Amino acid sequence: MQPLIDNARTFGQRPEEFAKLAEGQSPQVLFITCSDSRVVPALITGARPGELFELRTAGNIVPPYASVHPTSEAATIEYAVEVLGVRDIVVCGHSHCGAVGALVRGDDLDAVPAVRDWLSSHATPRPTGAVEDPAVAQGVQAHALAQVLRLRSYPFIEKKLKDRQLSLHAWYYEVHTGAVRAHRTETDTFEAL
Ligand SMILES: [Zn+2]
């Protein structure tokens, strides 16, 4: 923890660089990814402050849209699309994902009931893949695509898509190489960016 505090203490010594951020934000992209500490969206994309609106959830899960019981995730997505007017949404799964790995392997998650219930409630369809693959690449990629499909069921996203004001993307990030692959609809495969 101390190195993080030390950095935070000196971080605020660049006021001129950040002063114009007080005028507002206009990010072009909503980046949805896992909470995993090995995934650092700004590092991967080179985004500067103000350029990337982020939503991080366990297993980069997008919960079902439910206007009666709104979720924090839906509120974040709605704000990004309707208020900030992002033009693209990226759902970025990652290799060696603990959440997806647990689903693929069918791990017993009773010791972490909040995680268990979050995954069992929202990770549908349940990702499958080769259980012997530590990267769970197949499961993560299928799971990222499922979240993109889930996004399409959000009414305000469906409308923006129809009006061609929004694009959705599924990415796969390898934590052990730094490589990023994007889903190509023409071939239904994940290819190098
Ligand atoms: Zn993860």
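Predicted model: local features only at pLDDT ≥ 70, side-chain atom pairs only at ≥ 80, totals over all residues.
## Tyrosine 79 and the aromatic pairs

Phenylalanine 53, in contrast, is buried, with a relative accessible area of 16%. The structure holds six aromatic pairs. In one of them, the ring centres of phenylalanine 53 and tyrosine 79 lie 6.0 Å apart and the ring planes stand at 35 degrees, so this pair is tilted. Phenylalanine 53 belongs to strand 2 (residues 52-57) and tyrosine 79 to helix 4 (residues 72-83), so the pair ties together parts that are 26 residues apart in sequence.

Tyrosine 154 and phenylalanine 156 make another pair, with ring centres 5.9 Å apart. Their planes are at 85 degrees, so the pair is edge-to-face. Tyrosine 154 is buried at 0% relative accessibility, and phenylalanine 156 is buried with a relative accessible area of 9%. Together with Tyr65, these two residues form one aromatic cluster.

## Zinc site

The zinc ion has three protein donors: the SG atom of Cys34, the NE2 atom of His94 and the SG atom of Cys97. Along the chain, the donors follow the spacing C-x59-H-x2-C. Cysteine 34 sits in strand 1 (residues 29-34) and histidine 94 in strand 3 (residues 88-94); this pair links distant parts of the chain, 60 residues apart.

Are cysteine 34 and histidine 94 buried or exposed? Cysteine 34 has a relative accessible area of 7% and histidine 94 has one of 0%. Both residues count as buried because these values are under 20%.

## Nonpolar cores

The largest nonpolar core has 41 residues. The residues with the most contacts inside this core are Leu30, Ile32, Ile77, Ile89, Leu151 and Ile157. A second, separate core has 11 residues, among them Val29, Val39, Leu52 and Val90. In soluble globular proteins, nonpolar side chains tend to be buried together.

Leucine 151 can be followed through its contacts. Apart from neighbours within four places in sequence, leucine 151 touches Ile32, Val62, Ile77, Ile89, Val91, Ile157 and Leu168.

Strand 4 (residues 167-173) pairs with strand 5 in the antiparallel sense, over three bridges. Across this pairing, tyrosine 172 stands opposite arginine 181 of strand 5. The hairpin of strand 4 and strand 5 has six residues between the strands, and glycine 178 in this hairpin takes a positive phi near 85 degrees.

Strand 5 also pairs with strand 6 (residues 189-192), again in the antiparallel sense, over four bridges. Alanine 182 has glutamate 191 of strand 6 as its bridge partner. Four residues lie between the strands in the hairpin of strand 5 and strand 6, where aspartate 188 takes a positive phi near 55 degrees.

## Histidine 183

Where is histidine 183 found? Histidine 183 is in strand 5 (residues 180-184). Its relative accessible area is 17%, so this residue counts as buried, the limit being under 20%. The side chain of histidine 183 makes a polar contact of 2.7 Å with the side chain of aspartate 188, the hairpin residue with the positive phi.

Leaving aside neighbours within four places in sequence, histidine 183 is in contact with Leu145, Ala170, Asp188, Thr189 and Phe190. The C-alpha atom of histidine 183 is separated by 8.4 Å from that of glutamine 141, although the two residues are 42 residues apart along the chain.

Terms used. Residues numbered from 1 in each chain as written. Heavy atoms only, no water. Donors = N, O, S within 2.8 Å, 3.2 Å for Na, K, Ca; no water. Helix = DSSP H or I, 4+ residues; strand = E, 2+ residues; numbered from the N terminus. Buried < 20%, exposed > 50% of the residue type's maximum accessible area, 1.4 Å probe, protein only. Polar contact = N/O pair within 3.5 Å; in protein donor to acceptor, adjacent residues only side chain to side chain. Contact = heavy atoms within 4.5 Å. Phe/Tyr/Trp six-rings, centres within 6.5 Å; stacked < 30°, edge-to-face > 60°. Core = buried A, V, L, I, M, F, W, Y, C linked by side-chain atoms within 4.5 Å. Pairing = 2+ DSSP bridges.
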